[in-house]
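Reader: I am learning how to read the places where parts of a protein meet. Could you take me through one case, step by step?

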Amino acid sequence: MLRTTTSQRFKNGLIPRNISSRRFLASRPDFYDLTSDTATEVTDDMFDIMRSASRKDDVFGNDPSVNELEHHLGLRSLLTQPPHSVLCDAQSHINLYECGGLAYHSQASVTAVASTNGVYLTAEDVDTNRVLEDVHNASTKVIALENTLNGTIMPMKEMQNIHSLARKNNIKLHLDGARIWNASQATGISLEEYGQLFDTVSVCVSKGIGAPIGSLLVGSNDLVKKARHLRKLMGGGWRQAGLLAKIAQHCIGTVVPTMPETHRLTKKLASGLEQLGIRILLPVDTNMVFIETTPMDMKELANALKERNILISSDDSSVTRLVLHHQIDENAVDKIVQVASDLINTKGYIFSRSSSKTSNVDVSKAYPSIQH
Amino acid sequence: MTFTGKTLMRLTTLRMMPVRRSFSTTGASRLYIQNNLNNDQTHPSLQADPNAKVYDFRSDTVTAPTDEMFDVMKAASRGDDVFQEDRSVKELEEYMANLCGHEAALFCASGTMTNQLGLRTHLSNPPHSVVCDARSHVFLWEAGGIAFHSRASVSPVICRNGIHVTADEIEGNLIEADIHTAPTRVVSLENTLSGLVMPIDEIRKISELARSRGLAMHLDGARLWNAHIQSGVPMHEYGAQFDSMSLCLSKGVGAPVGSILVGDHTFIDRARHLRKLFGGGWRQVGPLAAVAKHCIENVVPTMPETHKLAKYLSDQLTSMGIQLQVPVHTNMVLIDTASVGLDVQEDLIPTLLRKNIVIGGQRNKSRIVLHHQVDRKGVDTLIEGVREAITARRAAEPEQQQQQQVAASLY
């Protein structure tokens, strides 16, 4: 399990609080990409760090840098034999954005549950929807949770309840913790505490963490050994990946402590937009804001922002997602609010104040993809 | 001919005749699959001295990044490849597509990925099967990928000449459509295979055959670079025979990570989607693409030297009495040490590790692989080590013979 020495070091003052990653941004210092935190840019200094990494062959298992990092293969290692199914939130990444991988790789059915509260799954949601052992059924063998999900934090209490439920019924637990870092920084709960509830955890280093590539699978020795074999099967056996591992470790150490600031800016952005009348669709717990802009045209807003060097995702709908990370500063946030405000005033948009509409908006459409 | 003449001729012939045959003809060598699988490469118990320079002859995948490469990486673009927004990746993919005479290319994390994606994209409708050489990487070393990813059966062909499969052999192993069968859908070749170059004429024959039957042609060209350098056949000429090719960048070419799949636009679009499914969609990978292109341009031209060095090594080893499993065409020397009484794990590996040389293999068989970061000194040290091991074994033999005599007398 990963230890949270980073937050400890941060608290001890070993990492300066006002670390500004923007000064390392070589390419376009005045350009802000809020389509996703995968847009975190590679900085020049990263290549010097990569240079100092080990250069051994990871398939032969003798690269010390990479042996500490693994790729996301948790679910496949937990699902041993069909018939079986995975229970997860209907909005989760594994359900919507992984090309049907659960069915394809593991021949597993998916029980996609729409959470009652619209934000996170409760133990009751899980209990009512899990598939029982029966000759007709593909019983639930894994409960997969995601934290953060759409930037929202799943409360620890709920995770613990689901954990107990799973254990009682001999069900395994997987965490898609791509952004668990954000959850941890926001709640103060260590990665270790989260990790203890799960059989496998997947954490991403290429999103808010800012490394160029990569994700880690964490689990028991046996599980990770199996996962390594599966990784080779998937074509993930890469050679001199030490440089990628080294830079990932560096980023974890330097970027994670900046997340509270990113979260503060996100909340500032959300409240700024809300004051203008724009609807915020989900709680703003960490680094994402989901907005609904009717009657303002989303494309119009996106274009106006583009002229000011700010990129947001947009399509024909009125829903979008704004994602912040350590390379987005206060400047950008203020600009967005300013541009939105100017647009609203110029066009004379009037926003309805009724909140009853928000709960049924489908945010899954707000996922970025290839711009054609 | 005069008596003197005949004597002279006989003497000359005797001098010219090798002391031992150069190619092992034991029945076991034909079952190449069996021996190849016993190629343990991990040596958990013995390690070379990590502080001194280590020569690793187990594979050309061990080519390590140089300091200079990090400067190349720094200068690359840093866009997101999942959204197809990275310039350096596009440059590499276009370069490779043009080089191979294909429409498009896809940069992936490994040769296993490009091979399996290539095959998977051809194999859309089970029941279906793939025909290939029984020694193929796609069949033996990709963790059962063909069955797993594509639900396809495999018809592995044991080639009679020990070098490459022929069009006749492929034809003889094609499975026709029938209610009982998984008909052949893809012919998958490998070039080089165990360092052996497959002749372009044979490839052309097989390609013609396949196309006349409506079958797809895929090439595992992980080391096609070596074949191209050795044969002089242009890359696009190879490319014309196949619907898809997989070429590796992290082996002899020397890049840290990566492999390329080439094919037409529709094919590559589909492969890209499948790549995401496999978990192969990577983000800011421009640096890896840029350094791969750099390596192609700078390292591939050094391959003739590497091939010469491999030839030199094999000549030295055979002169000691060691046999070759197969001829040396490019950068690999596959040895059989039965004739000199050496067990690779027991005798050869420990001796070589003491000299900071790492090789793989089991029982009497080992595969020695050279690449551009192996110099003459390394090769000479290896040769020295082998000589020492042989001497040590010969010294131990009288003892053993005595023991055997004692045992025999007891019986």
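Reader: Let me begin inside one chain: how many salt bridges are counted between domain 1 of chain A and domain 2 of chain A?

Author: Please keep in mind that this is a predicted model. A salt bridge needs a side-chain nitrogen of Lys or Arg within 4 Å of a carboxyl oxygen of Asp or Glu, and between domain 1 of chain A and domain 2 of chain A the count is zero. The rule does find three residue pairs in polar contact across that interface, with both residues of each pair at pLDDT 80 or more.

Reader: Which element gives the most to the side of domain 1 of chain A that touches domain 2 of chain A, and how do the residues of that side divide by class?

Author: Helix α8 of chain A, residues 180-187, gives the most to that side, with five residues. By class, the side of domain 1 of chain A that touches domain 2 of chain A has eight nonpolar residues, eleven polar residues and one charged residue.

Reader: Where do the two domains lie along chain A, and how many Å separate their centres?

Author: The domain assignment places domain 1 at 48-254 and domain 2 at 258-366 of chain A, and their centres, taken over C-alpha atoms, are separated by 29 Å. To the contact, domain 1 of chain A brings 20 residues and domain 2 of chain A brings 15 residues. The area buried between these two domains is about 1,400 Å², and carbon and sulfur atoms give 60% of it.

Reader: Now let me turn to the two chains: how many residues of each are in contact, and what area do they bury?

Author: In chain A, 46 residues are in contact with 48 residues of chain B. Between them the two chains bury about 3,900 Å², with 59% of that area on carbon and sulfur atoms.

Reader: How many salt bridges does the rule find across the interface of chain A and chain B?

Author: Across this interface the rule finds four salt bridges, and one of the salt bridges joins the side chains of R51(A) and D71(B), at 2.9 Å from N to O. There are also 19 residue pairs in polar contact across the interface of chain A and chain B, both residues being at pLDDT 80 or more.

Reader: Which elements of chain A give two or more residues to the side that touches chain B?

Author: They are α2 (45-51), α5 (101-106), α10 (221-233) and α11 (242-255) of chain A, and the largest share, four residues, comes from α2(A). By class, the side of chain A that touches chain B has 20 nonpolar, 17 polar and nine charged residues.

Methods:
Residues are numbered from 1 along each chain as its sequence is written. Chains are lettered from A and ligands numbered from 1 in the order in which they are written. This is a predicted model: local features need pLDDT of at least 70, side-chain atom pairs count only at pLDDT 80 or more; totals for chains, interfaces and linings use all residues. Side-chain values use heavy atoms; hydrogens and water are left out. Contact means heavy atoms within 4.5 Å. Buried area is the accessible area (1.4 Å probe) that two parts lose on being put together, summed over both. A polar contact is a pair of N or O atoms within 3.5 Å; within protein, one must be able to donate a hydrogen and the other to accept it, and residues adjacent in sequence count only if both atoms are side-chain atoms. Ala, Val, Leu, Ile, Met, Phe, Trp, Tyr, Cys and Pro count as nonpolar, Asp, Glu, Lys and Arg as charged, and the others, Gly among them, as polar. Domain bounds come from an automatic or database domain assignment.
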